[in-house]
Structures are given as structure tokens and as C-alpha cells.
Amino acid sequence: MTGLIYPEISPIAFSLGPIDIRWYSLAYLCGILAAWFLLLHNNDKNRLGYTRQQIEDLAFYVTLGIIIGGRLGYAIFYGGAEMWLKPWRLLELWKGGMSFHGGIAGVIGAVWLFAGKYQYKFLTITDLVVLYTPIGMFLGRIANFINDELWGRETDVPWAVRFPNGGYVPRHPSQLYEAFFEGIIIFIVLNWLWRYAKIRNNSGVVSAVFVLLYGLFRILMEQFRQPDAQLGFFFGHITMGQMLSVPLIIMGLWVLILKLKK
């Protein structure tokens with residue numbers, strides 16, 4: 001049989017007594033801490049004018065938005081009837097199950113509250129947040145690979161992987177594709193744009209590019225990813241992730257056009 005053997009890695013990174021610390025949880029934690037550190041550095045380097053307390057508050061607001069929005073989004077879009085019949089499963093974060101699109105909605109709400117509290121422009125804050133969001137996206141997709149979940153469709157490419165939960169048939173390692181495009185590429189593009197003062201001062205451009213690129217990459221990557229078993233395909237060949245990404249592309253193009261007209 002073709003395909004690489006899946007490198008079985010325990011989903012548990014380490015244990016502290018009776019508490020198991022999972023890679024999935026560490027991915028979110030490390031992503032948030034890295035974003036916090038880089039935001040502090042960015043604030044000092046570019047003299048953005050935020051206090052340390054404000055940046056700490058922003059990290060707290062965004063973290064809540066990610067968790068609440070991501071989990072509720074998963075329940076609404078992907079969880080199926082079982083999630084609502086067993087609502088306590090919403091609290092089982094260590095088992096995975098987060099929706100990026102739900103997380104975006106949660107972060108938008110969190111940033112809106114933060115911007116209102118400190119009287120900042122909403123898009124000015126979203127620009128800061130999206131700069132480092134790809135770090136968490138990259139780590140999250142790596143955690144998906146370790147957890148043997150969200151694998152790709154069957155294929156005969158030389159780098160196909162035989163996932164145990166995927167029936168040991170050769171599949172696209174779509175988690176790694178997404179980690180590269182949605183994590184590394186978007187991070188490079190956004191931080192390259194941020195180097196230019198004209199773009200930094202035109203709030204909303206970086207945010208627009210982020211949602212536009214994510215929507216495009218997600219639609220592309222879904223061509224290799226196996227759709228969730230409880231959902232399957234819509235209209236014969238369209239996935240839920242692709243449908244949810246279309247509004248992001250529209251929103252990104254709309255904001256970008258408005259900003260570039262200036």
C-alpha cells in the first residue's frame with residue numbers, strides 16, 4: 001500500500017499528576033503567548049502608544065472571544081445533534097472541536113468591546129490582532145495532525161499519509177497544507193505589509209487582506225480535506241468550510257476597496 005506511515009504521537013504532551021496536558025491545548029496557549037509577546041514588541045518598536053495594561057486586556061478579551069466563539073461556532077456549524085443533546089460537551093475543550101469561523105465572530109465581538117472601552121477605532125485594533133493570529137492557526141493545524149483528525153481525502157500522491165482514524169488508507173495531510181498556507185504564508189504577507197507606515201496608518205487594510213487570504217486559502221484547502229462525516233458535501237461537492245469562507249472573501253474585498261479608494 002502506498003502512503004507514509006502516520007507517526008503516532010500521543011495527543012498528551014505531558015502530565016502533571018492526574019492532569020493531562022494535551023498538544024491541542026498547548027497550541028492555543030503558545031499561540032496566545034507568542035501573539036502577546038510580539039504585540040508588546042510591536043508596540044515599542046513602532047511607538048503605537050498602547051499601555052502594557054491595555055495590551056494585556058486585549059489579549060484577555062481576544063482569548064475569551066476565541067474560546068467562546070470557536071466552541072459555539074463548532075457546535076452550530078459542525079457539532080450536529082449530539083452536541084445539543086449533550087451540551088456539557090461544549091466545555092470539553094481538551095478534546096478539540098473549534099470552528100475558526102466561529103472564532104472570528106467571537107474575536108470580532110471581543111475587539112468591539114475592547115475598542116469601545118478604550119475609545120479606539122475598531123479596525124485599528126483588528127489590524128493588530130490579525131497580525132499574529134496566523135501563529136495560532138499554524139500551531140492549531142499541527143495539533144490537528146498530532147490528534148489524527150481533520151485529515152484529507154484519499155490520494156495516491158507520494159507524500160500521502162495513512163492515518164489510523166482515517167482507515168489507514170493514503171490521504172492528503174491537509175492539516176499540514178493548512179498550517180503552511182493559512183499559518184506561514186498569511187503571517188509573512190501581513191507582517192510584510194505592516195512594515196509600511198502608509199498601510200499601518202490606513203486602519204483596516206491588514207484586516208481586509210487577512211480575511212481575504214484566509215477565505216481563499218480555506219476554500220482551496222477544502223478541496224483536499226475530507227469533509228466532516230456528520231455533514232458530508234452540500235450540493236454534491238461543496239463543504240461547510242467553503243460556504244463559511246465566502247462571506248469572508250466578500251467582506252475582505254469590500255473593506256479593501258473602500259480603504260484603497262482613499
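1. Arg-47 sits in the loop between H1 and H2. Its phi is near 50 degrees, a positive value in a residue other than glycine. For context, most residues other than glycine have a negative phi. Arg-47 and Asn-165 are 118 residues apart in sequence and 49 Å apart in space, C-alpha to C-alpha.

2. A word on what you are looking at: this is a predicted model, in which local features need pLDDT of at least 70 and side-chain atom pairs count only at pLDDT 80 or more, while totals for chains, interfaces and linings use all residues. Residues are numbered from 1 along each chain as its sequence is written, and side-chain values use heavy atoms, with hydrogens and water left out.

3. With a relative accessible area of 69%, Gln-119 is exposed.

4. Now for the overall fold. The protein chain has nine helices and five strands; these are DSSP runs numbered from the N terminus, with helices (H or I) of at least four residues and strands (E) of at least two. Along the sequence the pattern reads β-β-β-α-α-α-α-α-β-β-α-α-α-α.

5. What about overall dimensions? The C-alpha trace spans about 55 × 45 × 35 Å along its principal axes. A compact globule of 262 residues would have a radius of gyration near 18 Å, and the 19 Å of the protein chain agrees. That radius is taken over C-alpha atoms, and the globule rule is 2.2 Å times the number of residues to the power 0.38.

6. Buried residues make up 47% of the 262 residues. Among contacts (heavy atoms within 4.5 Å) with a separation of 6 or more, 68% come from residues 24 or more positions apart. The protein chain exposes about 14,000 Å², and carbon and sulfur atoms supply 70% of it; the areas come from the Shrake-Rupley method with a 1.4 Å probe, and for residues only the protein chains shown count as cover.

7. Helix H1 covers residues 23-45, and its 23 residues should span 33 Å at 1.5 Å a residue; the end C-alpha atoms are 32 Å apart, which agrees. The expected span is 1.5 Å times one less than the number of residues. Among the buried residues of H1 are Tyr-24, Leu-26, Gly-31, Leu-39 and Asn-43. Their cover includes strand S2 (12-16), strand S3 (19-22), helix H2 (52-77), helix H5 (122-146) and helix H6 (174-194).

8. Helix H8 is worth a visit too. Its 17 residues should span 24 Å, and its end C-alpha atoms are 24 Å apart, in agreement. Because 14 of the 17 residues are buried, H8 is largely enclosed by the rest of the structure.

9. How many salt bridges does a search of the whole structure find? There are seven, each a side-chain nitrogen of Lys or Arg within 4 Å of a carboxyl oxygen of Asp or Glu. One of them joins Glu-182 and Arg-141 at 3.7 Å, N to O. Glu-182 lies in helix H6 and Arg-141 in helix H5, so this pair ties together parts that are 41 residues apart in sequence. Both residues are buried.

10. Glu-222 has two such partners to look at: Arg-218 at 2.8 Å, N to O, and Arg-225, with the closest N and O atoms 3.5 Å apart. Salt bridges that share partners join Arg-141, Glu-178, Glu-182, Arg-218, Glu-222 and Arg-225 into one network. Glu-222 is buried at 3% relative accessible area, and Arg-225 is buried at 5%.

11. Finally, the aromatic rings. Rings of Phe, Tyr and Trp (its six-membered ring) pair if their centres lie within 6.5 Å; planes under 30 degrees apart count as stacked, over 60 as edge-to-face and the rest as tilted. The count comes to 15 aromatic pairs. Phe-100 and Tyr-214 have ring centres 4.0 Å apart and planes at 35 degrees, so the pair is tilted. Phe-100 lies in helix H4 (residues 100-118) and Tyr-214 in helix H8 (residues 205-221), so the pair ties together parts 114 residues apart in sequence. Both Phe-100 and Tyr-214 are buried. Elsewhere, Phe-60, Tyr-61, Phe-114 and Tyr-118 form one aromatic cluster.

Key: Buried < 20%, exposed > 50% of the residue type's maximum accessible area, 1.4 Å probe, protein only.
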